[in-house]
Amino acid sequence: MNRTEPFAAVDIIRAKRDHHELTTDQINWTIDAYTRGAIADEQMAALAMAILLNGMNSREIVEWTTAMINSGERMDFSDLSQPTVDKHSTGGVGDKITLPLAPLVAACGAAVPQLSGRGLGHTGGTLDKMESIKGWRADLTNKEMHQILQDVGAVICAAGPGLAPADKKLYALRDVTGTVEAIPLIASSIMSKKIAEGAGGLVLDVKTGNGAFMWDPDKARELARTMVNLGNDAGVKTTALITAMDVPLGLAVGNALEVQESIEILQGGGPADVRELTLTLAREMLELAGIDTDPAEKIDNGQAFDVWQRMVAAQGGDNNAPLPTASFSHTVTATESGTITTMNALAIGIAAWRLGAGRARKEDQVSEGAGIMLHKKPGDQITAGEPLLTMFTDEEPRFELAQQALDQTPITIGSANEVNRLPLIIDKIT
Ligand code: URA
C-alpha cells in the first residue's frame, strides 16, 4: 500500500465482493482517490462490478453520491429572480422533450438550467440535436449561463468539466466494463450532476420499455425511487414519472428532424404523444416551482415559441436558417394492410443510429440530417403500399445497415385488438 493513502483499493473491493457495507471513510476516499488517479481503472472496474452484483444500501448510495458531488463545483442560482427547476430523462428513442419543455416552463415563469449531454449508442443526445441549428453553441461559461437564465429563463448547454468530475471518469469506465446497469451507480451518477447543478426542483422522466436502458418497469420504479430519495434528502424537491419507451416518442428520430418536430410542438402542432408528455412534465415542474399557470396556454398564445427563439439566439443560433437535411432518402412501404400492432423503439433507434444520427465512439461526428421519419405509429391503420417510414442519410450504403436493424425486429401489422404498447405515463413516484 502507498504509505500516504489511508486505505488499499483491494481491501475495499474485497469488502464489497464479500457483501460488506462500505464505511463513510472508505467511500469518501474511493471517490477522491479515483478522481486524482490513486485508484487504477482496473480496480475501480472491479469495485463497480462488485457493486453491480451485490448492491449498496441507502446510506452507502447517499454517501457515494455526496462524495461525487464534492469531487467538483456546485452551481448556485440563488441570485435569480425566478424559482429554478430542471428535468432529467434517462433517455430514449425520439426523446426530444427537453427542447420544447425548457422554453415552455420558462414562459410560465420558472428558470430552467438544462445541462445536457451528447448521445452515445441508440438514444440521441440533446446537445447533438440543438447543434443542428446553425451557429448554436453548447459551451457556455457559468456567467453566460446565469445571464441567459436571468434574461430568457431557459438555457440548454453542456455541463462544464468542473461538475462532478468523478462521475465523468467513472461513467466512461462503466460504459466499457458492463457496469452501467447498476441502480446505485446510475442513481448516484445522475443525481450527483443534478444536485451539483443546484436547481430548486427536479422532475425525473424514467423511461421503461425495449428502447430504454431500464426495460423492466419494476427496475425503472426502483431507480426512480432511489433518485427521488437522493434528491429530496439533498434539499432538491424531486419527483419522477415512469414513462413508456417501447415505441419511439413522436414521429421524428434524428437530430435536425427532432428539432423540427420540437418547433412544431411549440407552435401548437406536432404529434399528440410529444405534446402530452411535454405538458405533463411541464405541470410537474411548475408544481415543484410553486407556479400556478396552465402551460398549454403558453403554447397556444405563442409565448413558449417566443422563449425558444430567444433561447436559441442567445446561444448564437440562427432561427431563420433552414435546418440541415440529409442527401439521400428512402421510403419503406407496408407489405400488407391492417393496423400497426408493434413498433420496437430499440430497432428504430439502432436503425437511425446506423443512418448516421448517433455515434459509436465519443469522438465520432453525428450527421445532422440523418434519421427516420415515421409515417404511422401503433394503433394506426395502414394499406399495403402506403409509406411506413422514411430513412435519411448522407451515405447511401447506410440504408442497407439500417434496414438490417429494422428486419431484426420488424414493425408488425395485424388487427386493432392486437395493438401492444405501454401507456405513455405509467406511474408517478414522489
Ligand atoms: N446517465 C447518466 O448520467 N449516468 C448513468 O449512469 C446512466 C445514465
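Colleague: What is the strand order of the open sheet of four strands, and what is its pairing?

Modeller: The order is E1-E4-E5-E13, and the pairing is mixed. Strands (E, at least two residues) and helices (H or I, at least four) are DSSP runs, numbered from the N terminus. This is a predicted model, in which local features need pLDDT of at least 70, side-chain atom pairs count only at pLDDT 80 or more, and totals for chains, interfaces and linings use all residues. Residues are numbered from 1 along each chain as its sequence is written, and side-chain values use heavy atoms, with hydrogens and water left out.

Colleague: What makes E1 and E13 the edge strands?

Modeller: Strand E1 (85–89) and strand E13 (425–429) each pair on one side only. Two strands pair if DSSP finds at least two bridges between them.

Colleague: How many bridges join E4 to E5?

Modeller: Eight bridges join E4 (residues 201–208) to E5 (residues 237–244), and the two strands run parallel. Helix H10 (residues 217–233) packs on this sheet and touches E4, E5 and E13, its direction making about 165° with that of E5.

Colleague: Why are H3 and H8 called roughly perpendicular?

Modeller: The axes of H3 (residues 41–54) and H8 (residues 165–175) cross at roughly 75° and come within 10 Å. Axes are lines fitted to C-alpha atoms, for helices over the stretch in contact, and angles run from 0 to 180 degrees between N-to-C directions. Angles under 35 degrees count as roughly parallel, over 145 as roughly antiparallel, 65 to 115 as roughly perpendicular and the rest as oblique. H3 and H8 are therefore roughly perpendicular. Asp41, Met44 and Ala45 of H3 meet Lys169, Leu170 and Leu173 of H8.

Colleague: Why is Trp308 called buried?

Modeller: Its relative accessible area is 2%. Buried means under 20%, exposed over 50%, and partly exposed in between (1.4 Å probe, protein chains only). Trp308 is therefore buried. Trp308 lies in helix H14 (residues 303–314). Contacts (heavy atoms within 4.5 Å) of Trp308, leaving aside neighbours within four places in sequence, include Leu99, Met130 and Ile263.

Colleague: Which residues touch the most other members of the largest nonpolar core?

Modeller: Trp64, Trp308 and Ile348 do, in a core of 134 residues. Helix H12 (residues 272–289) gives the most to this core, nine residues. A nonpolar core is a set of buried Ala, Val, Leu, Ile, Met, Phe, Trp, Tyr and Cys residues joined through side-chain atoms within 4.5 Å.
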